Amino acid sequence: MWKAAMSEEVRKALQSVIERVNQAAARRPKTLPAVPPRLVAVSKTKPPEMVVEAYRQGQRNFGENYVNELVDKASDPLILESCPEIKWHFIGHLQKKNVNKLLAVPNLFLMETIDSVNLADKVNSSWQRLRGAGTQRLKVMVQINTSGEQSKHGLPPEETVNTVKHILSHCSALHFSGLMTIGRYGYDLTLGPNPDFQMLLSRRQEVCESLKLPLEDVELSMGMSTDFEHAIEVGSTNVRVGSIIFGNREYPNMLKCA
């Protein structure tokens, strides 16, 4: 009974979010790159059965914040058997001691939180060593702390261009895919467009002009459950949505140190 109820809840919630994503994309100004937004279903603290149910409904991109939880979930026999085309996104802060553990994850698709040149170098060398020279490059995003909050990880905005330039010039095993931000929580949209999202847009413009990159080739990962529609309307190509698909989260103690 629980499984049937869970399946129906996930199905309805996912369908609703997909519709809202598509409607928000239709409201985007034509001046923005016509890149269909990617929905990343954030499954942290949720059981593998919920991931499988969303996968059965057509969802392919899933995000996790904790290395240990991603390792366990991506290697779960149920997910390995039922979700052969799953694409895992790592969207949490990555400590250097956990790089090798993360990069061994099966079906790792995108690492969204490169926040220093040193971390980029570590991920680059580890990917080459673990996966071999002939393997596909690992897609990465550079995380920017657009709100300036000490509680948030990410580069200071003024370091964006130099960090991206370093990845393009010195990290041959990495594919630079775009910029990511979390931004401040609870911003009141009646005050106007979210300034953190506007900051990411301006940094992308700066990166593209400085490094001669096409605007449509540099993705923007911004927007979560409370603000993903606004994020898409102003240019996000990658939104990270969890609680309104899978329900509110519970945080067991085992995850806090992951």
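Me: Which residue carries the UniProt feature "modified residue: N6-(pyridoxal phosphate)lysine"?
Reply: This is a predicted model, where local features need pLDDT of at least 70, side-chain atom pairs count only at pLDDT 80 or more, and totals for chains, interfaces and linings use all residues. Residues are numbered from 1 along each chain as its sequence is written, and side-chain values use heavy atoms, with hydrogens and water left out. UniProt positions follow the numbering used here, feature names are shortened, and annotations may be inferred rather than shown by experiment. The unreviewed UniProt entry puts the feature at K44.

Me: Where is K44 in the fold?
Reply: Helices (H or I, at least four residues) and strands (E, at least two) are DSSP runs, numbered from the N terminus. K44 falls between β1 (38-42) and α2 (48-56). Its place is the β1-α2 loop.

Me: Is K44 buried or exposed?
Reply: Buried means under 20% relative accessible area, exposed over 50%, and partly exposed in between, with a 1.4 Å probe and protein chains only. K44 has a relative accessible area of 12%. K44 is therefore buried.

Me: What is the phi of T45?
Reply: Most residues other than glycine have a negative phi. T45 sits in the loop between β1 and α2. T45 is not a glycine, yet its phi is positive, near 70 degrees.

Me: What phi does K212 take, and is K212 buried or exposed?
Reply: K212 lies in the loop between α8 (195-211) and β7. K212 is not a glycine, but its phi is positive, about 55 degrees. Its relative accessibility is 69%, so K212 counts as exposed.

Me: Why is α2 largely enclosed by the rest of the structure?
Reply: The buried residues of α2 are P48, M50, V51, V52, E53, A54 and Y55. α2 is largely enclosed because its buried residues number seven of the nine.

Me: Which residue just after α2 takes a positive phi?
Reply: Look just past the end of the helix. The phi there is about 105 degrees. The residue is G58.

Me: What handedness does the unit of β1, α2 and β2 have?
Reply: Two strands pair if DSSP finds at least two bridges between them. β1 and β2 pair in the parallel sense over two bridges, with V42 opposite G63 in β2. A crossover is right-handed if, with the strands pointing away from the viewer, the path from the first strand over the helix to the second runs clockwise. This β-α-β unit is right-handed.

Me: Which residue in β3 stands opposite F62?
Reply: In β2 (residues 61-64), N61 and G63 point one way, F62 and E64 the other, and all are buried. Four bridges join β2 to the parallel strand β3 (residues 87-90). The residue opposite F62 is W88.

Me: Which side chain makes a polar contact with the side chain of S225, and at what distance?
Reply: S225 lies in the loop between β7 (219-221) and α9 (228-234), and at 14% relative accessibility S225 counts as buried. A polar contact is a pair of N or O atoms within 3.5 Å; within protein, one must be able to donate a hydrogen and the other to accept it, and residues adjacent in sequence count only if both atoms are side-chain atoms. The backbone nitrogen of G242 lies 3.3 Å from a polar atom of the S225 side chain. The side-chain partner is S243, at 3.4 Å.

Me: Which residues does S126 contact, leaving aside neighbours within four places in sequence?
Reply: S126 lies in helix α6 (residues 117-131) and is buried at 0% relative accessible area. Contact means heavy atoms within 4.5 Å. The S126 side chain makes a polar contact of 3.0 Å with the side chain of N100, and a polar atom of that S126 side chain lies 2.9 Å from the backbone oxygen of K122. The contacts are V99, N100 and L103.

Me: How many disulfides does the structure hold?
Reply: A disulfide is a pair of cysteine sulfur atoms within 2.5 Å. The total is zero.

Me: How far is the nearest cysteine sulfur from that of C208?
Reply: C208 counts as buried, at 6% relative accessibility. C208 is in no disulfide. The nearest cysteine sulfur belongs to C171, and the distance is 18 Å.
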